[in-house]
Amino acid sequence: MSDFIKKKKYGQNFLTSDRIPARIAAESGITSECGVIEIGPGLGVLTKQLLSVAKKVVAIEIDEELIPILNEKFAQHDNFLLINKDILEIDLGKLIEEQFPGMPVCVCANLPYYITTPILMKLLEGKHGFRTITVMVQKEVAQRLCSKCGDSEYGAITASVNYYASVKRLFPVKAGSFSPPPKVDSAVIRFDLFDTPPVTPADENTFFAVIRAAFAQRRKTLLNALHTAFGDRLTREQIAQIIEDAGLKADVRGEKTDNKTLCFISDKIFFNINGGKQK
Ligand code: SAM
């Protein structure tokens, strides 16, 4: 396979100076007691900075050609472990138990953009107790993830992510900071994971189904959206009553509804479907 195709395939855009990786490490909340999982170390520019702030770094790189380069570069570090695997295939629970016993664990990465959402959802849904997740993402993705309910960029992914963490945009990064430069600008964002989530739905599956429904078709009213999703189990009148009980107008649109209200609605739906029984 030519280098060109390979680079495209793995989303390989490498940071060219130490300045940005140093800033990422400095603003990641990682301290000398922390274990760090780095996704996609590439040529190791961020790895180098992470090793200077963390107790231990485990880096997961899919590209086998980078493995000897990285192992040679960090041969002097006995607090560095490199795993040649696809991050999406890794059992993170097992890795954390084996590599970071008793340590606070953070994730830090300049992400391969082609799998940004699956990686973020794997990190968040796994509920691994990460202290922070600091990642470089495409600028537009950063805007969406950091948007507030009611903003035009706010969507199902924002609402889902907000269930697990507060998200903050740290700083922008121009395409020219990478080699080869990507077609898009980037930004570094940081997730601070909640110890206690701000909403606690009776049933998470129903809650996420409500989120998906609410944002699926932006032009639809919440009533129509929920009827499409739950109409096989609830009547239109039952759904209308739930929306009224939530203190919303009958013609409200899902995209304007915050997680607290979506949680209220999801619990009502769950208990209506399950005959009012607590789970
Ligand atoms: N950290 C380096 C930097 O900042 O210069 C490289 C970042 S580059 C945007 C993304 C890296 O993720 C590449 O090294 C690529 O090979 C790696 N990668 C792509 N897909 C991956 C996957 N599924 N699992 C693990 N690493 C992956």
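Start by selecting Gly40: one of its backbone N or O atoms is 2.8 Å from a ligand nitrogen atom, a polar contact (a pair of N or O atoms within 3.5 Å). Next, pick Glu61, where a polar side-chain atom lies 2.6 Å from an oxygen atom of the ligand. Then try Asp86, with a polar side-chain atom 2.9 Å from a ligand nitrogen atom. Now show the ligand's surface: taken alone it exposes 600 Å², and the protein buries 99% of that (Shrake-Rupley areas, 1.4 Å probe).

A word on what you're looking at: this is a predicted model, with local features needing pLDDT of at least 70 and side-chain atom pairs 80 or more, while totals for chains, interfaces and linings use all residues. Residues are numbered from 1 along each chain as its sequence is written, and side-chain values use heavy atoms, leaving out hydrogens and water.

On to the rings. The structure holds eight aromatic pairs (Phe, Tyr or Trp rings, the six-membered one for Trp, with centres within 6.5 Å; planes under 30 degrees apart are stacked, over 60 edge-to-face, the rest tilted). Select Tyr163 and Phe208: their centres are 5.4 Å apart and their planes at 85°, so this pair is edge-to-face. Both Tyr163 and Phe208 are buried (under 20% relative accessible area, 1.4 Å probe, protein chains only).

Last stop: Arg23, whose charged end sits over the ring of Phe171, 4.0 Å from its centre (CZ of Arg or NZ of Lys within 6 Å of the ring centre and within 35 degrees of the ring normal).

Key. A polar contact is a pair of N or O atoms within 3.5 Å; within protein, one must be able to donate a hydrogen and the other to accept it, and residues adjacent in sequence count only if both atoms are side-chain atoms. Buried means under 20% relative accessible area, exposed over 50%, partly exposed in between (1.4 Å probe, protein chains only).
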